[in-house]
Amino acid sequence: MGGTNGKIAIVIVAFALAGGIWYWTSRPEPAPELKDPTLVDLICEACGEHSQDSPEHLLTVLIKGGVRTPTEGGGMTRHQAVERPVYPCPKCNEPTAVMARYCQTHQKYYPAQLAEGGAGKCPDCP
Ligand SMILES: [Zn+2]
Ligand SMILES: [Zn+2]
């Protein structure tokens, strides 16, 4: 009896894993323009410019001290309090470019991490 339940549990786990892999591999395609999967998407918080750069080059231009600590009592987890790297914006040259994510619905880039810590979200999504 217990053995049967164990087998069912394994099957459920296998299905859950397969589902997770399917979800991972079938994620919607990122923005069409400028899209190179080997490059990192950036968005400038000052001028809104979207740009892409290689991870290798970004490492060389990473601006130290552009990291803010999360506010206290904000319910931040350790993971969310991870430092947020900032880079120089290729358009306005301000040290305000951060890694970006793309919203399929509104077709716009937005900061992947908030300055206060935590994940960013599309400003137009509810
Ligand atoms: Zn800029
Ligand atoms: Zn959106």
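**View 1. β3 meets β4 in this predicted model.** Here β3 and β4 run antiparallel, joined by 4 bridges; strands count as paired if DSSP finds at least two bridges between them. Strands are DSSP runs of E with at least two residues, helices are runs of H or I with at least four, and both are numbered from the N terminus. Look for Ala100, which stands opposite Pro111 in β4. As this is a predicted model, local features need pLDDT of at least 70 and side-chain atom pairs count only at pLDDT 80 or more, while totals for chains, interfaces and linings use all residues. Residues are numbered from 1 along each chain as its sequence is written, and chains are lettered from A and ligands numbered from 1 in the order in which they are written.

**View 2. The hairpin of β1 and β2.** These two strands pair in the antiparallel sense over 4 bridges. Asp41 has Gln52 in β2 as its bridge partner. Between the strands of the hairpin sit 5 residues, and Gly48 takes a positive phi near 80°.

**View 3. The sheet as a whole.** Step back to see an open sheet of 4 strands with antiparallel pairing, in the order β2-β1-β3-β4. β2 (50-53) and β4 are the edge strands, each pairing on one side only. From one strand to the next the twist averages 50°, using axes fitted as lines to C-alpha atoms and angles from 0 to 180 degrees between N-to-C directions.

**View 4. The largest nonpolar core.** It brings together 11 residues, among them Leu42, Ile43, Val86, Tyr87, Val98 and Tyr110. Such a core is a set of buried Ala, Val, Leu, Ile, Met, Phe, Trp, Tyr and Cys residues joined through C-beta atoms within 7 Å. A residue is buried if 20 or more other C-beta atoms lie within 10 Å of its own, exposed if 12 or fewer, and partly exposed in between, with C-beta atoms placed from the backbone. At least two core residues come from each of β1 (40-44), β3 (97-103) and β4 (108-111). Cys89 is also a member; leaving aside residues up to four places away in sequence, Cys89 touches Cys44, Ala46, Cys47, Glu49, Glu94, Thr96 and Ala97. Contact here requires C-beta atoms, placed from the backbone, within 7 Å.

**View 5. Two loop residues with positive phi.** Most residues other than glycine have a negative phi. Asn93, in the loop between α2 (55-61) and β3, has a positive phi near 65°. Asn93 counts as exposed because it has 12 C-beta neighbours inside 10 Å. Gln107, in the loop between β3 and β4, has a positive phi near 50°. Gln107 has 12 C-beta neighbours inside 10 Å, so Gln107 counts as exposed.

Conventions
Two residues are in contact if their C-beta atoms, placed from the backbone, lie within 7 Å.
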